[in-house]
Amino acid sequence: MSGGGEHGSGFVPRRFVIGQFATADALLAGTRKVREAGNKGVDTHTPYPLHGLEDALGLGRPKIPTLVLLGAIAGACIAYAMIYYMNVIDFPINVANRPPHSPPTNLPITFELAVLLGGTTSFFGFFALAGLPKPYHPIFEAEFFTRASIDGFFLSVEVPAGGSVEKVEADVKGAGAVEIQTVAESER
Amino acid sequence: MAAPHPVISSDPLDPRPLIEGKQTDQTINDSLLEHVWRGAGKGWWALFGIALSALGLLVISISYTLYKGIGSWGNNIPVGWAFGIINFVWWIGIGHAGTLISAILLLLQQKWRTSINRFAEAMTLFAVICALLFPLLHTGRPWFAAYWLMPYPSVQGIWPQFKSPLTWDVFAVSTYFTISLLFWFLGLVPDLAALRDSSKSPTKRFIYGIFALGWRGSGRHWAEYKWSYVLLAGLSTPLVLSVHTIVSFDFATSVLPGWHTTIFPPYFVAGAVFSGFAMVVTWIIPAREFLGLKHVVTAKHIEMMCKVMLATGMIVTYGYVMEHFIAWYSGDPYEFAQFFLVRQRGPMSRIYWLMVFCNCVVPQIFWTKRGRTNLPVVWIAAILINVGMWCERFNIIVTSLHRDFLPSKWENYAPTWVDISLFIGTIGLFSTLFLLFLKFVPAVAVTEVKELRHELEHAGHGAGGENHA
């Protein structure tokens, strides 16, 4: 059954070649090599973020900062507009003859909502960009992959549909991986 | 992998380590997760039993308050705010150390924060939960609280008063809680994955797996994660200042002698950090002993926290001095009477002098290295500071209210058993939550300590030519 999928259901399992590297530096160098060999879908898996990872993976600018800025601006605008609408347009209340629109007293809530929306954007934006939560990923099929959150430095390459596993395996090995496993998505 | 540096210190001028002994990612992982896998010991159950009994007291006193109404509290007129608000301000203040450690010290790249941030952030969450109970109960009918607090189109057809600091408080505290929770959980996700992957039993693996959300340490994820984390820290940083500033506005924007002062915002924030660090120290000294965290929470960490307590304690002392100076300098007879007669010689003067002793005198022992490194002394001092900060809020709130402008309005105040039980009960709630946290979640940010170890080791090798002794 395992590694199957030839039952006419149209399920094509995604395949990954996973290589473990001895050190963080070896992983960074290896990642570059594997990418230069023309592989797409390269990713690293490490217990903590490594310096220079973005470079090695050839990632562009992170998207989170822009999203958070937009979230914070939206929060500030919503807060100010809300206070203005409620206290000036919808139901002005005259307390001790203070003006209905009083900017200084609007600042604290404007600030707080900017922080609230900026912060929630940062949190939920990250999970949305990362595609998490995702309880199952084919990569978890590899037994040695449990080290990735503990002390192991891993590289994974998705084998393109119809591509050759051997070629990718050779690339990962050539990049300095000490151990290699190839996994296929299980059909559920 | 090259042999790890025997002693890992962040500072070439200071040889004392942030992480003790020869450590690898594996040893850090195992030693920091060990207390989660180990069964709960007798000591944990004993403490948990005490905490649960205090929590029971909270349930009883809340039920009684809801059944009888807040007339069962000791509040009267003019002392309309008493234990409820004292405890609210005290608990919110305690939370501030967590945010300071996790956010401000992260932005300032203070490496010593890494071993204690998880611990302190959890404390923030639980302290804010305790704090939130009080204003909700003080409304008398908490099930109506949303009517009065939240701006939504209710049948009343009227909106909250946005010119009132009490409305600002609703937004400040709820934002504070939400952001602290998200920040805490975001930091926890990689550690939950480590728990998932190191667990021996399939049930635990499954449960931690759910909370780990399928984290696989992907480099693409880390690239965004780092930004998400640092931006949450950046957003929390002004929260440290704004939350207690807004709490202090609740008092400072009124005209009561003892409240009507511009020094309140900075002095409240410093007091909050002061009491928060005291609470962190109160818990971490026993916890590092019993959870086996001595190699990551070293003598240096305790010493750094003592220095923060000394600095914030001095700011608080300066605040007291300034209040008295302005009371004299302004020539306002009511202010003068409040600070020089009522507080120092009035019926509540014992609490005033206890506050002066705990907040101004006790931290002075932290000037000496011996005072900062003797753990029993530090622990007792931290507890006294917690007491002192509670007394400070009592002085500000009750002592100011019970003697205001008109002598015919003066009234004494005494708490009832409900007040005292509610207070003890929230300590029980806090302790229960905290003990559960220590049992089920790594008390130290494992991933960040591994990263710190990696970073320090690399720095050590890089600078090896220059400062290797």
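In chain B, residues 24 or more positions apart account for 81% of the contacts with a separation of 6 or more. Keep in mind as you look around that this is a predicted model. Chain B has 17 helices and zero strands. Its radius of gyration is 24 Å, close to the 23 Å that the globule rule gives for 469 residues, so chain B is as compact as a globular protein of that length.

Of the 469 residues of chain B, 50% count as buried.## How confident is the prediction?

The model as a whole scores ipTM 0.88 and pTM 0.88. For chain B, the average pLDDT is 86, and 94% of the residues score at least 70. Which elements of chain B mark the two ends of the confidence range? Helix α12 (residues 349-361) of chain B has the highest mean pLDDT, 95, while helix α17 (residues 464-467) of chain B has the lowest, 36.

## Where the chains meet

The contact between the chains takes 51 residues from chain B and 56 residues from chain A. On the side of chain B that touches chain A, the elements giving two or more residues are α1 (25-37), α6 (165-198), α8 (219-252) and α16 (446-462) of chain B. The one that gives the most is α8(B), with 17 residues. By type, the residues on this side of chain B divide into 26 nonpolar, 16 polar and nine charged.

## The nonpolar core and the domains of chain A

In soluble globular proteins, nonpolar side chains tend to be buried together. Here the largest nonpolar core has 183 residues, and M123(B), F277(B) and V280(B) have the most contacts inside it. Domain 1 (15-60 + 132-184) and domain 2 (64-130) of chain A both give residues to this core, so the core lies between them. The C-alpha centres of these two domains of chain A are 43 Å apart.

What does V280(B) touch, not counting residues up to four places away in sequence? Its partners are A97(B), I116(B), F119(B), A120(B), M123(B) and M305(B).

## Helix α11 of chain B, inside and out

Helix α11 (residues 333-345) of chain B has five names to look for among its buried residues: E335(B), Q338(B), F339(B), V342(B) and R343(B). The cover over the buried residues of α11(B) includes α10 (299-329), α12 and α14 (375-402) of chain B.

R345(B) also lies in helix α11 of chain B. Is R345(B) buried or exposed? R345(B) is exposed, because 9 other C-beta atoms lie within 10 Å, and a residue counts as exposed with 12 or fewer. Between R345(B) and K300(B) there are 45 residues in sequence and 42 Å in space, C-alpha to C-alpha.

## Backbone details worth a look

Most residues other than glycine have a negative phi, and most peptide bonds are trans. In chain A, a cis peptide bond with omega of about 0° joins L132(A) and P133(A), and P133(A) lies in the loop between α4 (103-130) and β3 (153-159) of chain A. In chain B, the peptide bond from I77(B) to P78(B) is cis, with omega near 20°; P78(B) lies in the loop between α2 (42-68) and α3 (83-107) of chain B.

Positive phi values turn up too. A96(A) has a positive phi of about 55° although it is not a glycine, and A96(A) lies in the loop between α3 (64-90) and α4 of chain A. A96(A) is exposed, with 5 other C-beta atoms within 10 Å. L213(B) has a positive phi near 60°, and is likewise not a glycine. The loop between α7 (202-212) and α8 of chain B is where L213(B) is found. L213(B) is partly exposed, with 17 other C-beta atoms within 10 Å.

How values were computed: Residues are numbered from 1 along each chain as its sequence is written. Chains are lettered from A and ligands numbered from 1 in the order in which they are written. This is a predicted model: local features need pLDDT of at least 70, side-chain atom pairs count only at pLDDT 80 or more; totals for chains, interfaces and linings use all residues. pLDDT is the predictor's confidence in each residue, from 0 to 100. Helices (H or I, at least four residues) and strands (E, at least two) are DSSP runs, numbered from the N terminus. Domain bounds come from an automatic or database domain assignment. Two residues are in contact if their C-beta atoms, placed from the backbone, lie within 7 Å. Ala, Val, Leu, Ile, Met, Phe, Trp, Tyr, Cys and Pro count as nonpolar, Asp, Glu, Lys and Arg as charged, and the others, Gly among them, as polar. A nonpolar core is a set of buried Ala, Val, Leu, Ile, Met, Phe, Trp, Tyr and Cys residues joined through C-beta atoms within 7 Å. A residue is buried if 20 or more other C-beta atoms lie within 10 Å of its own, exposed if 12 or fewer, and partly exposed in between; C-beta atoms are placed from the backbone. The radius of gyration is taken over C-alpha atoms; the globule rule is 2.2 Å times the number of residues to the power 0.38.
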